[in-house]
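Here is a short report on one protein model with its ligand. Have the sequence and the structure open as you read.

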Amino acid sequence: MFRKADSYHKCRPVGDLDAPDGDNTETFPLSSDNESRELTDGFHLLVDALKLNGIETIFTLPGIPITDLTRLAQAQGMRVISFRHEQHAGNAAAAAGYLTQKPGICLTVSAPGFLNGLTALANATTNCFPMILISGSSEREIVDLQQGDYEEMDQLAIAKPLCKAAYRVLHAQDIGIGIARAIRSALSGRPGGVYLDLPAKLFAQTMEAEAGRKSLVKVVDPAPRQIPAPEAVRRALAVLKGAKRPLILLGKGAAYAQADAEIRALIEKTGIPYLPMSMAKGLLPDTHAQSASAARSYVLAEADVVMLIGARLNWLLSHGKGKTWGAPNAKQFIQIDISPTEMDSNVPIAAPLVGDVGSCVSALLAGIEAGWAKPPTDWTAAIAERKDKNLTKMAETLAKNPSPMNFHSALGAIREIVKERPDIIVVNEGANTLDFARSIVDMYEPRKRLDVGTWGIMGIGMGFSVAAAVTTGKPVIAIEGDSAFGFSGMEVETICRYNLPVCVVVFNNNGVYKGTDVNPRGGDAAPTVFVKNARYELLMQAFGGVGVLAKTPDELSRAIKEALASGKPTLINAIIDETAGTESGRITNLNPQSAAKKK
Ligand code: ADP
């Protein structure tokens, strides 16, 4: 006798998921004694394992062999966001991981789809964002003998060096463990990207539903707190107490940790000036009296003790040495990081504090007695003086209203809007558009700024915007260089399809860096220029969204306000002076020809 599967563990053959209405459950002969049992399969087990662990969203692009999986996930109540290119689905997963502290899931097809998702996986790992790239793959027997399967590729081997961990599941009964290992690897210690390889055959494998249910794992405490050693805390406090010109540097690890209240208390109780790295902006409002952003060069060069909280001394901080950091060996570093091997990676760390940001900062707070002496006033006064001077200069620049707009006048309009609506999430990429936005647009709340991160990668714009809107429900303004926008521009269709409250502002200066290059030999356009006066706003209109051309800060401001009020997908083509902007923005020094000139 056979029994039908229940509606939850309905077990259907691949391709039958969109069968016509009616009773489309299947029955399966299972044992020689003709006893009937309820069955489940790889498709269901995967969805169940994700849901069991509180993962409710999948970012994907359907195709062989995962199409039915995306349909089933949606039918089972998961949010399935389908993109036009896997890289953007992957970027969305990474940003979702950063914002929620749950690994973002990107689901792709085999070989080419997997490779498209791999850039995002590697970028997530580099940025310490937790995500899991799950890709369907060809059959092992054929791949390993290189017999030319459909989209044949040894995906596991390729992914391994580019992520934190990589696993393959070959049997349906191991799906629960596979997902558990992927979640734990992505979240524990330093977060990062994990690859999970699922050969096509796995999805259709069946097993008894009850055994399947038991095989699933709800991961307990996937990111255990890491409490710092008491002597490490004492050492850090001793170094901090000895400082005459202390500085705290906040990185995106501090923002990710969601220890906002503790960090604020530490900064305010010690009175130490602080600098936020770009994605740590808003952990405390950029207008906070102790923010030293407007005196950045001064404090980096002059501080005698620098405490890094969730920030690495990589290229973004000139590796902790050189001119940026003032006199050689004149500094001591305290570093709070969850990764012990981050210590001494570029310069010696006098007081390493290994642990999670929340635990380390709480331990420091506990060690700060009521009578903690605030930093000497000659230090804070010197910073305040420089800040005032630079902020006055900035205000004068922002007050100008040149025609056509330049980066400052356009960003000045956005700055005012974010001030009024501090809950807005800002996504930002480009060269000059990135550099200027970072310093002009103040942030007021934690984790409201997503940008190009550790690699300075282009192409995160629309993926990050979709993730921000989907995971938070908040409005998003994507401040995009025209070149940067091109990498993910087609995803405006995705934004329209899901009717997301995303307002894309394309800073259109007709090219990469600027729009004025010419080919000295005539003929083809110069490599850095685009079609002049391109109508980017029509792209959004093509998919039913709102498109606006803005030539003045007033027009730009009005269009953004309308987008915020309506919540409709909007693209504003902001016309910027094509002569504005510098080659490579603020990292001109990394261009080989500039570096050679300096020698
Ligand atoms: P930024 O680019 O903003 O300077 P980085 O990405 O260079 O920041 O540095 C982030 C650092 O934060 C990484 O070294 C990472 O190990 C660390 N980190 C991430 N999450 C935590 C956490 N919860 N607790 C402590 N450190 C963390």
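Over how many bridges do strand 5 and strand 7 pair? Strand 5 (residues 131-137) and strand 7 (residues 193-199) pair in the parallel sense over seven bridges.

## Basis

This is a predicted model: local features need pLDDT of at least 70, side-chain atom pairs count only at pLDDT 80 or more, and totals for chains, interfaces and linings use all residues. Residues are numbered from 1 along each chain as its sequence is written, and side-chain values use heavy atoms, with hydrogens and water left out.

I134 has L196 in strand 7 as its bridge partner.

## The ligand site

The ligand is surrounded by 19 residues, each with a heavy atom within 4 Å of it. R190, K252, R312, D337 and V357 are the closest. By class, the shell has eight nonpolar, six polar and five charged residues.

Polar contacts are pairs of N or O atoms within 3.5 Å. The side chain of D337 places an N or O atom 2.5 Å from a ligand oxygen. For R312, a polar side-chain atom lies 2.7 Å from a ligand oxygen. G310 uses a backbone N or O atom, at 3.4 Å from a ligand oxygen.

Note on methods: A polar contact is a pair of N or O atoms within 3.5 Å; within protein, one must be able to donate a hydrogen and the other to accept it, and residues adjacent in sequence count only if both atoms are side-chain atoms. Ala, Val, Leu, Ile, Met, Phe, Trp, Tyr, Cys and Pro count as nonpolar, Asp, Glu, Lys and Arg as charged, and the others, Gly among them, as polar. Two strands pair if DSSP finds at least two bridges between them. Helices (H or I, at least four residues) and strands (E, at least two) are DSSP runs, numbered from the N terminus.
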